[in-house]
Amino acid sequence: KELGGKIVYNNNLSVDPKPKDIESIVSKVRANKAEVIYSPTNPSAGLLLIKEVKAYKVRPLLVGAQFWDVPEIITANEANEVSYVAPAYKNYEEFKNTIREATGKEPNLFTPVYYDTIYLLAHVMSKTGSDKKTFRNDLVATVYNQAVSSPVIEFDNTRELKNPSFE
């Protein structure tokens, strides 16, 4: 919010959403003119979301997580339509302690991915503002070296992550 963005819709999907659940969410996201959809969902929910979003002419940038790094997602999309962050945690114990102290809650396995994704988006938005085209272009041109889940987050010329690593 401080950087000019705003959350226009927030929804917690069930673990096994039905197509109507996804249609409803995408309809609300579209009505609110979202420019980015952050969806750290499992592959089946991610694929439903991608297919539903692809039906619209104006597509928001989709940001998933390592759950989307599977053949059914990769082969279902053009390279510039889906970005995802894959974890290779660095300083995880220090990060867990910081999160625990700041929130009073125990971080889970995916907290670093969520953290990095939000901070990467905020980092880019702080430079570009909320213009969709500028944001998208700058996002894939960014080399983000402040990540917890990976030593560096950067994209190649096909807009895929360079050197994604997994532990």
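Guide: A pocket is an open set of grid points with protein on both sides within 12 Å along at least five of seven lines. The model discussed here is predicted.

Visitor: What is the volume of the second largest pocket?

Guide: The second largest pocket has a volume of about 200 Å³.

Visitor: Which residues line the second largest pocket?

Guide: Its lining consists of F95, I99, T111, Y114, Y115, I118, Y119 and A122. Helices α4 and α5 each supply at least two residues of that lining, and α5 gives the most, with 6 residues. By class, the lining of the second largest pocket divides into 7 nonpolar, 1 polar and no charged.

Visitor: Why is the pair of F95 and Y115 called edge-to-face?

Guide: Two rings pair if their centres lie within 6.5 Å, and planes over 60 degrees apart count as edge-to-face. The centres of F95 and Y115 are 5.0 Å apart and their planes stand at 70 degrees, so the pair is edge-to-face.

Visitor: Where in the chain do the two partners, F95 and Y115, lie?

Guide: F95 belongs to helix α4 (residues 92-103) and Y115 to helix α5 (residues 111-128). The two are 20 residues apart, and the pair links distant parts of the chain.

Visitor: How many aromatic pairs does the whole structure hold, and which residues form a cluster with F95?

Guide: The search finds 3 aromatic pairs. F95, Y115 and Y119 form one aromatic cluster.

Visitor: Why does F95 count as buried?

Guide: Buried means under 20% relative accessible area. F95 has 7% relative accessibility, so it counts as buried.

Visitor: What makes up the lining of the largest pocket?

Guide: The largest pocket holds about 1400 Å³ of space. It is lined by 37 residues, and I7, Y9, V36, I37 and Y38 lie nearest its centre. The elements giving two or more residues to this lining are α1 (19-31), β1 (36-38), α2 (43-54) and α5. Here too α5 gives the most, with 4 residues. The lining has 21 nonpolar, 11 polar and 5 charged residues.

Visitor: What pattern does the chain follow along the sequence, and what share of its residues count as buried?

Guide: The chain has 6 helices and 5 strands, in the pattern α-β-α-β-α-β-α-α-α-β-β. Of its 167 residues, 40% count as buried.

Conventions:
Residues numbered from 1 in each chain as written. Predicted model: local features only at pLDDT ≥ 70, side-chain atom pairs only at ≥ 80, totals over all residues. Heavy atoms only, no water. Buried < 20%, exposed > 50% of the residue type's maximum accessible area, 1.4 Å probe, protein only. Phe/Tyr/Trp six-rings, centres within 6.5 Å; stacked < 30°, edge-to-face > 60°. 1 Å grid on protein atoms, 1.4 Å probe; cavity = no way out; pocket = protein on both sides within 12 Å on 5 of 7 lines; lining within 4 Å. Points joined across faces, edges and corners; volume = space filled by probe spheres on them. Nonpolar A, V, L, I, M, F, W, Y, C, P; charged D, E, K, R; others polar.
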